[in-house]
Amino acid sequence: MELLKINNLKVAIEDKLIIKGLNLTINLGEVHAIMGPNGTGKSTLANVLAGKPGYDVLEGEIIFMGKNLLEMEPEERAREGIFLAFQYPVEIPGVTNANFMKTAVNEIRKYRQLEPLDAFDFLQLMKERAALVGLDASYLQRNVNEGFSGGEKKRNEIFQLAMLEPKLAILDETDSGLDIDALKIVANGVNSLRSPERSFLVITHYQRLLNYLTPDFVHVMYDGRIVLSGTKELALELESKGYDWLRNGNNGSK
Amino acid sequence: MPNDELLKEITEQEYKYGFVAPIEQEFAPKGLNEDIIRFIWEKKKEPPFMLEWRLKAFRYWKSMQEPHWAKVEYPPIDYQDIYYYAAPKKLKEKPKSLDEVDPEILRTFEKLGIPLREQEILAGVAVDAVLDSVSVATTFKEKLEELGIIFCSINEAIRNHPDLVQKYLGSVVPYTDNFFAALNSAVFSDGSFVYVPKGVRCPMELSTYFRINASETGQFERTLIIADEGSYVSYLEGCTAPIRDENQLHAAVVELIALKDAEIKYSTVQNWYPGDKEGRGGIYNFVTKRGICLGENSKISWTQVETGSAITWKYPSCILKGDNSVGEFYSIAITNNYQQADTGTKMIHLGKNTRSRIVSKGIAAGRSNNSYRGLVQISKKAVGARNYSQCDSLLIGDKCGAHTFPYIEVNNSNSIVEHEATTSKISDEILFYCNQRGISKEDAIGLIVNGFSREVLNQLPMEFAVEAQKLLSVSLEGSVG
């Protein structure tokens with residue numbers, strides 16, 4: 001089943017064209033990785049999918065589960081099942097992780113016409129999902145990301161992913177700034193959340209995350225377009241040849 | 001009530017207390033002179049000592065200058081263009097029972113969510129209702145009298161308990177204290193009076209509800225609370241006013257006296273009309289509130305939720321005279337649109353081993369300005385004194401301001417003073433992060449503001465905590481684009 005279809009997407013930030021005609025189709029249950037040098041529009045794509053303000057979509061369309069995504073408010077997209085694991089998660093003063101997740105889970109359940117979870121079920125669920133990424137239960141009573149280390153913030157993103165059970169999870173450079181142990185924990189968390197009912201779009205600069213998280217497809221983004229698509233072997237090839245290989249004119253699709 | 005319903009309810013309403021009730025009023029002529037003071041004194045049928053006191057205050061006031069040290073700005077106030085006395089016409093004498101109260105007045109308070117009919121009142125709360133310049137009804141009076149507790153309008157107290165009033169009125173806030181206290185002393189017309197006798201624990205919340213209804217009228221209420229040795233009382237005041245284009249002056253004085261081993265808990269939910277989105281109209285709330293812990297081991301605790309008024313200028317303070325006495329100040333001040341608030345506290349440590357705790361939460365949105373101003377003063381004799389202060393500010397948007405002016409004076413070498421301060425901002429990034437988790441902007445702000453204010457909200461009596469929580473969100477409505 002086709003989950004996400006992006007057709008000829010063109011996006012500008014303050015009159016500067018960043019994404020210059022991008023096409024991508026993701027079926028339910030697939031894991032796609034997008035690689036590419038810095039400044040080619042990878043994070044812009046993640047933000048546009050999530051509906052972050054400040055981006056001008058000039059052309060193209062994004063269809064998510066048969067609906068026009070670009071007409072939806074960011075919170076509506078989230079309730080429809082789009083989750084973005086942020087590259088730089090923010091701290092929220094005065095709001096505990098537990099309270100934040102409770103509000104989010106119940107908003108999404110309400111949208112899907114489900115009863116809110118009661119306190120007991122919710123607590124159970126939280127403990128179980130926190131264990132997936134090795135997040136100690138004490139973190140749940142701390143304010144969202146406040147005083148968390150870089151690794152803890154990223155683990156918290158995957159914990160939230162586990163709580164909200166999205167259809168499409170976008171991981172924006174989740175591996176950046178992580179040491180190898182933290183990277184393994186995050187990757188294991190993501191692997192345990194893979195399901196035929198869920199797709200992933202993994203954005204990364206380096207290949208190393210893909211050693212732990214085997215993608216079904218790898219795309220290479222360069223200068224606002226997807227210039228190469230293939231399977232996981234493409235990531236390895238890219239790793240050995242470097243991004244300069246792209247600059248030397250090899251931009252046909254495989 | 002679940003959070004989301006609560007927020008839905010409140011995000012769909014404007015200032016809902018902005019109506020004007022069609023109650024016929026009797027006014028004293030506009031302006032202020034000795035004849036007006038005599039008029040008020042006569043109307044109130046007060047004993048001679050009060051006239052003398054009021055005139056002294058008035059003469060002193062005339063020699064004073066309006067203070068301008070606070071971080072607030074407003075056009076000059078014409079003190080001769082204000083009605084200093086307004087009373088519902090049909091209310092010649094305070095009614096003996098609620099059946100005698102003008103039904104229009106009862107309806108006004110019902111609309112405000114303050115039903116005065118005793119059977120409808122929240123269990124365990126006695127209410128004194130003050131409309132413009134007079135107290136219109138006091139509930140549960142008899143039940144309290146059985147315990148020897150006096151809860152009545154200050155006007156009744158002046159007539160029926162002149163000894164207590166003469167002993168304590170002006171003992172904590174003398175009329176020489178400041179410009180607005182002097183003005184209040186000269187012209188105050190009503191307010192509440194509480195006396196709790198020795199060893200009595202007041203079994204219910206005492207509450208006064210202040211309402212400005214008449215136009216171009218100043219409200220000058222006076223509250224005096226005395227907790228005798230070993231007694232306890234919890235008191236709450238609420239305030240609202242109609243929506244009007246003009247600014248109205250509210251200059252109240254509150255005095256608290258706690259004797260040995262006594263405790264007074266004073267909570268305020270202030271929701272005077274704040275003015276419209278362009279900053280037109282609203283109440284000038286210039287208030288002097290001060291308590292004295294006169295006896296050993298006594299305690300005074302102020303909790304305030306300040307959401308209304310165009311300008312708030314107010315510093316509920318504690319004079320810790322008795323050894324081992326305790327002062328507390330918990331405050332949430334919210335400003336939105338063009339509101340200005342300069343609020344805080346003074347903790348004056350005089351006795352040995354006195355302790356004070358200050359928790360101030362300022363929330364600024366729109367183009368508003370929110371200042372905390374506080375003084376912690378530890379005298380030479382206050383050995384072993386301790387203070388802990390925490391001042392947190394939360395900014396919503398980038399056109400508002402939060403300011404902190406802490407003053408600390410320590411005059412001995414074995415006291416401990418701690419001060420912590422933080423500033424946070426609800427940025428667009430935070431709002432987007434919440435949106436991305438399925439939470440709308442309004443709910444996100446509600447979540448953050450309530451979390452930020454929790455420590456203070458927890459100090460309020462249960463019923464009022466819910467009310468205050470709603471108010472916080474209403475006040476911030478429209479604060480994000």
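1. Helix H5 of chain A is mostly covered, with 12 of its 15 residues buried (buried: 20 or more other C-beta atoms, placed from the backbone, within 10 Å of the residue's own; exposed: 12 or fewer; partly exposed: in between). The buried set is A:Glu152, A:Lys154, A:Arg155, A:Asn156, A:Glu157, A:Ile158, A:Phe159, A:Gln160, A:Leu161, A:Ala162, A:Met163 and A:Leu164. Their cover includes strand S6 (82-85), H3, H4, strand S7 (168-172) and H6 of chain A. Helices here are DSSP runs of H or I with at least four residues, strands are runs of E with at least two, and both are numbered from the N terminus.

2. A word on the basis of these points: this is a predicted model, in which local features need pLDDT of at least 70 and side-chain atom pairs count only at pLDDT 80 or more, while totals for chains, interfaces and linings use all residues. Residues are numbered from 1 along each chain as its sequence is written, and chains are lettered from A and ligands numbered from 1 in the order in which they are written.

3. Just after H5(A), A:Glu165 takes a positive phi of about 45°.

4. How do H4 and H5 of chain A pack, and at what angle? H4 (residues 119-132) and H5 (residues 150-164) pack at about 135°, with axes 9 Å apart. Axes are lines fitted to C-alpha atoms, for helices over the stretch in contact, and angles run from 0 to 180 degrees between N-to-C directions. The pair is therefore oblique (under 35 degrees is roughly parallel, over 145 roughly antiparallel, 65 to 115 roughly perpendicular, the rest oblique).

5. Now for the residues of that pairing. From H4(A), A:Leu125, A:Met126, A:Arg129, A:Ala130 and A:Leu132 meet A:Phe159, A:Ala162 and A:Met163 of H5(A), where contact requires C-beta atoms, placed from the backbone, within 7 Å. By class, these residues are seven nonpolar, no polar and one charged. Nonpolar covers Ala, Val, Leu, Ile, Met, Phe, Trp, Tyr, Cys and Pro; charged covers Asp, Glu, Lys and Arg; the others, Gly among them, are polar.

6. H5(A) also packs with H6 (residues 180-193) of chain A, at about 5° and with axes 10 Å apart, so these two helices are roughly parallel. A:Gly151, A:Lys154, A:Arg155, A:Ile158, A:Leu161 and A:Ala162 in H5(A) meet A:Ala182, A:Ile185, A:Val186, A:Gly189, A:Val190 and A:Leu193 in H6(A). This contact divides into eight nonpolar, two polar and two charged residues.

7. Between the chains, the contact takes 20 residues from chain A and 18 from chain B. On the chain A side, the elements giving two or more residues are H2 (74-80), H3 (97-111) and H5. H3(A) gives the most, with five residues. The chain A side has 12 nonpolar, four polar and four charged residues.

8. Two loop residues are worth a look. A:Glu173, in the loop between S7 and H6 of chain A, has a positive phi near 50° without being a glycine; A:Glu173 is buried, with 22 other C-beta atoms within 10 Å. B:Asn353, also not a glycine, has a positive phi of about 50°. B:Asn353 lies between strands S18 (340-349) and S19 (355-364) of chain B, and counts as partly exposed with 18 C-beta neighbours inside 10 Å.

Conventions. Two residues are in contact if their C-beta atoms, placed from the backbone, lie within 7 Å.
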